[in-house]
Amino acid sequence: MPATVVIGGQWGDEGKGRVVDFFARDCAVIARYSAGSNAGHTIVNERGRFALHLVPAGIFYGQKICVIGNGVVIHPQALVSEIKMLEDRGVDTTQLLVSNRAHVVMPWHPVIDKLDEQLRGEHAIGTTGTGTGPAFVDKAGRLGIRTVDLVTPEALEQKLRFVLEYKNAVITKLYGGEPLRYEAVRDECHEYGELLRPYIADTAVVAQDAEARGEQLLLEGAQGALLDLDSGTYPYVTSSLPASIAAGACIGVGLGPRAIARVVGVYKAYQTRVGHGPMPTELFDADGDALRDHGRAQGTGEYGTTTGRPRRCGWFDGVLARYTARLNGVTSVALTRLDVLAQFERVKICTGYELEGQRVDTLPGALTAMTALEPIYEELPGWREEISHVRTFGDLPPAARAYVQRVEQLLGVPVDMISVGPEREQAIVTRDIFGGTL
Ligand code: GDP
Ligand code: IMO
Ligand code: MG
C-alpha cells in the first residue's frame, strides 16, 4: 500500500507545500489531487522561496514524476506561467504530467466568480476570485471543458459554441456583465492547448503503474478540511470535487481506496483563516496581531500566498483539530509554525465550546450554531525562547514539548513531524512515517 496523503487539518495554509517538499524525498510520484490555482503552497529550499498554485511541491527534486491529477481544475495561463517561472529559476519540469481529464478554468469562470461575490453582497464568501469555484460548478453541471479538449480542436470548437452561448446568457442577463467573444476564447484555448500538449497524459495509468510497482506515492491535498464542501463550515467553504479531505485523494488521481497507507494531517500550531465564515477561536486583540505579523519582514507573516489578504488568526482549536483528524483518518500529524508561538508568555488551546449553556465537543452542522460557539480555553506556559534551530524533540524547551504533547492528546494521533521554520531542514522528525528507523 504505497500512497501517503497530505491534507490540511484547518482552513488551509497549514504548510502543506512545505511538508510535501520535505516528504517527497522518499517518494517516486507526487500528485496534486484537488482544487485549482486558489491554492498557494510555499516552499523554501536550497533553490529559494517558491509559491506554487498548481504544480506539486515535489517538483524540486527533478527526477520525481509530478502529476496534476484529474481532480484539479487548471487555469491554463496560471499553469503556463508557473512552469515558466520554475524553468527560469532552473527547476526541471520535464517530469510534470497533467491529467487529460482535468477540467479547465475557462475565461468566464473568474468573471463569474467575481460577479457571484458581488451578488452575494454581505453574504460574500471571500473567494480567491480565481474562477476555481465556478469551474467545479460546471464540472458537476456537465458543462466543463477538459484539458483533452484543449488539444482536440474540433471537439473543443463544437463544445465551446454551445457552452459560451450559455455562459454569455448568464453573464449578460443575470449579472448585466459583458459577453465574451467566441473567436477570442477559441484562439486562447488553441494557444494554451499547444503550450500544454507535451504535459497532457492519462495520469491515472501513471499512478496505477507506480502503485503496481510498489513505489511510494505522495498525494498532495489543497485547502483544509474545514473548507471542505461536505464537512467544512458550509457555505463558507471551497467547491472542490473531489473533496479537500483525504477520501478525495483516490478519486482525484485515479487510484482505488486501498492504495492509501497513511494520512499526514498538517496542522498549524494555531488557527488561521482567509475569507469569511465562522472561526470560534479568532482573536481581535494584540495576540492576534502578533500571530499575524511574526516574520512579516521576512515574508512569512500570515498574509495569503494567493491573494495577499491578511489571514485571521486565533489560538489552536483542539475541538476542530480532532474533528478533522477523524474525518481524514489521520495517522501522523505534522505540526507547523511552532516557532511562531515562542513570543508568548502563555499560550491557549481550545478544548471545548459552550453553546447556549451546553458543552459542545464537535463542530455543529448549522451555520448559526457554528457562529455562536464560545471557546473554552486551557492555558499553558509559553517558552519565550527561539526554537528555529532545534532539530530533536529532546532539545525543545520543556514548555514547547508539553504543548506538542497536549496537541497530540487532543487529536489522538502522534505528532511525527514538527516544523520550526519555513526552510526544508527546519524540522524535527520524531518517527519515520514510512516505517524506517531514524
Ligand atoms: P499551504 O497552503 O498549506 O502550503 O501553506 P502556505 O504556503 O499558504 O502558508 C504557510 C506559510 O508558512 C508559508 O509562508 C510557509 O513558508 C510558512 N511556513 C511553513 N512552515 C513553517 C514553520 O514551521 N515556521 C514558520 N515560521 N513558517 C513556516
Ligand atoms: P491552500 O491550498 C486558504 C478559501 C478562500 C475562501 C474560500 C472559497 O493554499 O491551503 P475559493 O476561491 O476556493 O472559491 O474560495 O476558500 N480558500 C483558501 N484559504 N488556503 C487555500 O488553499 C484556499 N483555497 C481557498 O479564501 O474563503
Ligand atoms: Mg496556502
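Student: Why does Gly 40 count as buried?

Tutor: Its relative accessibility is 12%, and buried means under 20% relative accessible area, exposed over 50%, and partly exposed in between, with a 1.4 Å probe and protein chains only. Gly 40 therefore counts as buried. Please note that this is a predicted model, in which local features need pLDDT of at least 70 and side-chain atom pairs count only at pLDDT 80 or more, while totals for chains, interfaces and linings use all residues. Residues are numbered from 1 along each chain as its sequence is written, chains are lettered from A and ligands numbered from 1 in the order in which they are written, and side-chain values use heavy atoms, with hydrogens and water left out.

Student: Why is Asp 13 called partly exposed?

Tutor: Asp 13 has 21% relative accessibility, so it counts as partly exposed.

Student: What makes Asp 13 and Gly 40 donors to the magnesium ion?

Tutor: Donors are N, O and S atoms within 2.8 Å of the metal (3.2 Å for Na, K and Ca); water is not among the atoms, so sites may look incomplete. Asp 13 (OD) and Gly 40 (O) coordinate the magnesium ion (ligand 3) at 2.0 to 2.1 Å. The pair links distant parts of the chain, 27 residues apart.

Student: Why is helix H11 described as largely enclosed by the rest of the structure?

Tutor: Helices (H or I, at least four residues) and strands (E, at least two) are DSSP runs, numbered from the N terminus. Helix H11 covers residues 318–328, and eight of its eleven residues are buried, so it is largely enclosed. Among the buried ones are Val 319, Leu 320 and Tyr 323.

Student: What lies at the start of H11, and what just after it?

Tutor: At the start, a side-chain oxygen of Asp 317 reaches to within 3.1 Å of the backbone nitrogen of Val 319. Just after H11, Gly 329 takes a positive phi of about 60°.

How values were computed
Polar contact = N/O pair within 3.5 Å; in protein donor to acceptor, adjacent residues only side chain to side chain.
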